[in-house]
Amino acid sequence: MKKLEAVIKPFKLDDVREALAEIGITGMTVQEVKGFGRQKGHTELYRGAEYMVDFLPKVKIEIVIADDLLEQAIEAIVDTSRTGKIGDGKIFVTDIQRVIRIRTGEENEDAI
């Protein structure tokens, strides 16, 4: 099993969710987060004063999936969230050793 974490632009969330649902992934955790990478934020004008916005709004998606769905999920996220501009986001993949569904006690693939 793998844990896939994707940090994407907020307006791409619905497209990514739909693309993941098409390959059979229906469960995920979504958080509104802020961050910056190479783009280093941007400047904005407020009441005539310019100020620096260091952290940009992003959405973080977390999914735990079986190994055989990993490449399809990565492809779905990349294809639907790519704009070709700086700040499109990142995907992180880590190994998961054990999953337990609290309600039923099911474990691993049965629990996801």
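User: In which helix is the place of Thr80?

Analyst: This is a predicted model. Helix H2 covers residues 70-81. The place of Thr80 is in helix H2.

User: Which residues does Thr80 touch, leaving out those up to four places away in sequence?

Analyst: Thr80 and Val16 are 64 residues apart in sequence, yet their C-alpha atoms are 5.7 Å apart in space. Contact here means heavy atoms within 4.5 Å. With residues up to four places away left out, Thr80 touches Lys12, Asp15, Val16 and Ala19.

User: Are H1 and H2 roughly parallel or roughly antiparallel, and why?

Analyst: Helix H1 (residues 13-22) packs with helix H2 (residues 70-81) at an angle of about 150 degrees, and their axes are 9 Å apart. Angles over 145 degrees count as roughly antiparallel. Therefore H1 is, relative to H2, roughly antiparallel.

User: How do the residues of the contact of H1 with H2 divide?

Analyst: From H1, the contact is made by Asp15, Val16, Ala19 and Leu20. H2 brings Ala73, Ala76, Ile77, Thr80 and Ser81. By class, these residues are six nonpolar, two polar and one charged.

User: Which strand gives the most to the lining of the second largest pocket?

Analyst: The second largest pocket holds about 250 Å³ of space. It is lined by 14 residues, and the closest to its centre are Gly27, Ile63, Val64, Ile65 and Ile112. The lining has eight nonpolar, four polar and two charged residues. With four residues, the element that gives the most to this lining is strand S5 (residues 56-65).

How values were computed. Residues numbered from 1 in each chain as written. Predicted model: local features only at pLDDT ≥ 70, side-chain atom pairs only at ≥ 80, totals over all residues. Heavy atoms only, no water. 1 Å grid on protein atoms, 1.4 Å probe; cavity = no way out; pocket = protein on both sides within 12 Å on 5 of 7 lines; lining within 4 Å. Points joined across faces, edges and corners; volume = space filled by probe spheres on them. Helix = DSSP H or I, 4+ residues; strand = E, 2+ residues; numbered from the N terminus. Nonpolar A, V, L, I, M, F, W, Y, C, P; charged D, E, K, R; others polar. Axes fitted to C-alpha atoms, helices over the stretch in contact; angles between N-to-C directions. Parallel < 35°, antiparallel > 145°, perpendicular 65-115°, else oblique.
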